[in-house]
Amino acid sequence: MLSRLSPEVWVMLRPKQAFAKLPVADGRWLYWRRPLLMVLILCSGISLLTTGRFSLPLVGSTAIYWSFLPLVEIAGLAAAQRRWPEARMVDRFFMGHGPWLLFIIAFAAYCSSPTGAVGTPAMFTFWGTIAVAVLLWSCWIDYRFFASVGKLLLHRAVSWSLFAAIFAGSWLWMEAGERLGL
Amino acid sequence: MRATAVLLFVAAVAGLLAPAPRMSTPARMGEYRVLAGDFHIHMFPLDEATLAPWDVVLEARRRGLDAIALMGHNQVWTAKVGRWFSRLTGGPLVLVGEEIITPAYDMIAVGIEQNVDWHGTAAESIAKIHRQGGVAIAAHPLRSYWPAYDEAAMAGLDGAEVLHPMAFAGPRFAAELRQFYERKPLTAIGSSDFHGTIYPGFSRTYVFVREVTEQAVLDALRERRTVAVDRDRHAYGDVELIGLAEANGGLPRSGVVTEADGWSRLSRAAALAGMLTALLCGFKRA
């Protein structure tokens with residue numbers, strides 16, 4: 001059964017075994033195929049959340065600027081490995097994004113339904129709790145990928161800082177600008 | 001990947017065939033043009049929002065909004081990009097704004113061109129907004145924000161969000177927004193505080209203007225010529241304008257979640273199936 005599914009499923013369930021035993025892939029699109037899959041799922045989710053349907057123009061447009069997300073992930077990977085990662089490493093690392101992609105699909109499914117359109121405090125708590133669980137799950141998978149707590153922390157420090165600065169950096173930029181006298 | 005491609009193709013075609021959602025706003029009532037507005041919309045990047053300014057403008061137009069205020073958290077440049085794009089493409093009227101986020105209060109500044117520093121008190125921020133010719137609106141003024149709105153702040157404040165997604169999240173929040181709005185005569189504002197969920201215009205403000213310009217919208221906001229209608233058809237705003245609206249068949253309600261049409265439902269289902277298939281069966285083991 002597992003052999004019919006993508007490696008993401010194996011990595012989600014048994015990351016240590018999967019990373020050790022998965023055969024090495026090759027191909028022209030190896031560098032970008034999984035980052036692009038991540039962008040596709042994310043932007044499809046954004047389209048569902050906003051319009052309640054799959055809008056090709058919206059998915060296409062959001063895919064352009066949301067491609068910053070895999071780029072900051074790759075930057076974090078480069079920092080952790082202290083070299084620019086080659087295609088096989090990028091492909092393998094992005095196999096570990098299954099929990100977050102599953103979360104995006106579930107969140108988009110719920111929030112684009114009539115029941116989930118208006119958030120209640122109970123729902124915020126529910127999705128917040130799920131997000132924390134996914135965060136821990138994802139950390140566990142990436143720990144198995146790096147096989148080092150130090151590398152995992154370095155990856156998180158670089159990629160999450162970049163993500164926060166771009167996605168939610170208003171305050172950060174204001175503070176930084178003020179302190180630098182800009 | 002073939003199954004994913006087929007499912008997403010179906011989703012895209014069904015999405016294309018889905019009719020645009022339209023809330024019919026009467027174009028004219030008495031001496032006024034009535035504009036559907038949403039004065040609290042955020043954008044990517046920097047503001048924890050998913051859509052870039054141009055996508056927000058296009059979505060606002062699709063949702064039938066005539067006037068919007070785009071705003072960054074403590075910055076205005078993304079809103080200026082949105083205004084530029086809307087003018088270029090003949091989109092809705094775009095007012096540049098800022099949501100001034102502070103530990104004590106959040107405030108919407110509509111119709112400004114320069115950042116308002118977020119370190120001041122509410123009264124100081126209001127004075128700075130007014131100096132730029134803007135309008136100061138209390139953003140989702142729940143009980144925790146009330147201490148910041150002292151006598152000096154209330155004296156200068158122009159409006160308050162009486163309808164906001166929080167108002168539909170529970171009766172306690174709705175009551176707190178209403179109580180703040182009733183403190184003094186304020187411009188009634190219904191806004192979506194759009195970040196990525198729900199949609200621009202989920203909660204909206206009807207603005208009564210004499211001409212369709214940005215300045216006319218600002219004047220109407222300043223002179224309390226607005227009406228916002230909640231789910232229970234309770235209207236907030238100028239009493240005469242509420243009467244005028246009722247005499248003309250009423251205004252659409254905010255916060256109403258309508259059943260999606262068949263094409264949208266098909267598009268959503270196919271997209272979700274496609275996303276799941278892509279993740280679970282997308283790339284086989286090498």
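In chain A, contacts between residues 24 or more positions apart make up 71% of those with a separation of 6 or more, where two residues are in contact if their C-beta atoms, placed from the backbone, lie within 7 Å. The structure is a predicted model, in which local features need pLDDT of at least 70 and side-chain atom pairs count only at pLDDT 80 or more, while totals for chains, interfaces and linings use all residues. Residues are numbered from 1 along each chain as its sequence is written, and chains are lettered from A, with ligands numbered from 1, in the order in which they are written.

**The two chains**

Chain A holds 10 helices and 0 strands, whereas chain B holds 9 helices and 11 strands; helices (H or I, at least four residues) and strands (E, at least two) are DSSP runs, numbered from the N terminus. The table sets out values for each chain, with a residue counted as buried if 20 or more other C-beta atoms lie within 10 Å of its own, as exposed if 12 or fewer do, and as partly exposed in between.

| Chain | Buried residues | Box along principal axes |
|---|---|---|
| Chain B | 54% of 286 residues | roughly 65 × 45 × 40 Å |

The radius of gyration, taken over C-alpha atoms, can be set against a globule rule of 2.2 Å times the number of residues to the power 0.38. For chain A, with 182 residues, a compact globule would have a value near 16 Å, and the 18 Å of the chain agrees with this. In chain B, residues 24 or more positions apart account for 65% of the contacts with a separation of 6 or more.

**A buried glycine in chain A**

Gly96(A) sits in the loop between helix H6 (87-94) and helix H7 (98-111) of chain A, and this residue is buried because 26 other C-beta atoms lie within 10 Å. Leaving aside residues up to four places away in sequence, Gly96(A) touches Val11(A), Pro15(A), Ile141(A), Asp142(A) and Phe145(A). Leu48(A), by contrast, is 48 residues from Gly96(A) in sequence and 24 Å from it in space, C-alpha to C-alpha.

**Where the chains meet**

Between the chains, 49 residues of chain B are in contact with 50 residues of chain A. On the side of chain B that touches chain A, the elements giving two or more residues are helix H1 (2-17), helix H2 (53-62), strand S3 (67-73) and helix H9 (262-281) of chain B. H9(B) gives the most, with 11 residues. The residues of this side divide into 29 nonpolar, 12 polar and 8 charged, where Ala, Val, Leu, Ile, Met, Phe, Trp, Tyr, Cys and Pro count as nonpolar, Asp, Glu, Lys and Arg as charged, and the others, Gly among them, as polar.

**A helix pair in chain B**

The axes of H1(B) and H9(B) come within 8 Å and cross at roughly 160 degrees, with axes being lines fitted to C-alpha atoms, for helices over the stretch in contact, and angles running from 0 to 180 degrees between N-to-C directions. The two helices are therefore roughly antiparallel to each other, a term used for angles over 145 degrees. Among the residues of H1(B) that meet H9(B) are Ala3(B), Leu7(B) and Ala14(B), and among their counterparts in H9(B) are Trp263(B), Ala270(B) and Cys281(B). By class, this contact has 14 nonpolar, 5 polar and no charged residues.

Definitions and conventions. Angles under 35 degrees count as roughly parallel, over 145 as roughly antiparallel, 65 to 115 as roughly perpendicular and the rest as oblique.
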